[in-house]
Amino acid sequence: MTPRKSLALEAPLTIYHAFEQKRLLLDALAECEELELDLAQVGEIDSAGLQLLLLLKREAQRGGKRVALIRHSQAVRATIEFCNLAAELGDPLVIPAAEAG
């Protein structure tokens, strides 16, 4: 098992991709102690995608592992904020300077 692994998601985190994404995410978590999940290319996320992120965090905690969500896309940030889940997911939502206005 590797200590740290990085994974960049490119497919939408939606109900239409949830089955494949769940397997991909849980397999990646099983291979390491710390998973860094890059969300910069996620152009769409719905409640199924949020549930996958929450599941991944819960499974990591249960296994004594760590998941870091990084480089949140605008779609991911907006959905997390709309659902008031920033504290639950536990990762800072960094707003790029170009978007800050």
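Predicted model: local features only at pLDDT ≥ 70, side-chain atom pairs only at ≥ 80, totals over all residues.
C83 is partly exposed, with a relative accessible area of 36%. C32 is buried, and its relative accessible area is 0%. The cut-off explains the two labels: buried means under 20% relative accessible area, and exposed means over 50%. What is the disulfide count? The count comes to 0 disulfides. A disulfide would need a pair of cysteine sulfur atoms within 2.5 Å.

Now take the fold as a whole. The protein has 5 helices and 3 strands. Read from the N terminus, the order is β-α-β-α-β-α-α-α. The radius of gyration is 13 Å, close to the 13 Å that the globule rule gives for 101 residues, so the protein is as compact as a globular protein of that length. Along the principal axes, the C-alpha atoms fill a box of roughly 45 × 30 × 20 Å.

Next, look at how the chain meets itself. Take the contacts between residues at least 6 apart in sequence. Of these, 72% join residues at least 24 apart. Buried residues make up 40% of the 101 residues. C32 is one of the buried residues.

The protein exposes about 6100 Å². Carbon and sulfur atoms supply 54% of that area.

How many side chains are positive, and how many are negative? There are 11 positive and 15 negative side chains. The centres of the two sets lie 5 Å apart.

Terms used:
Residues numbered from 1 in each chain as written. Heavy atoms only, no water. Helix = DSSP H or I, 4+ residues; strand = E, 2+ residues; numbered from the N terminus. Rg over C-alpha atoms; globule rule 2.2 N^0.38 Å. Buried < 20%, exposed > 50% of the residue type's maximum accessible area, 1.4 Å probe, protein only. Contact = heavy atoms within 4.5 Å. Areas by Shrake-Rupley, 256 points an atom, 1.4 Å probe, with all protein chains shown as cover. Lys, Arg positive; Asp, Glu negative; His and termini not counted. Charge placed at Lys NZ, Arg CZ, Asp CG, Glu CD.
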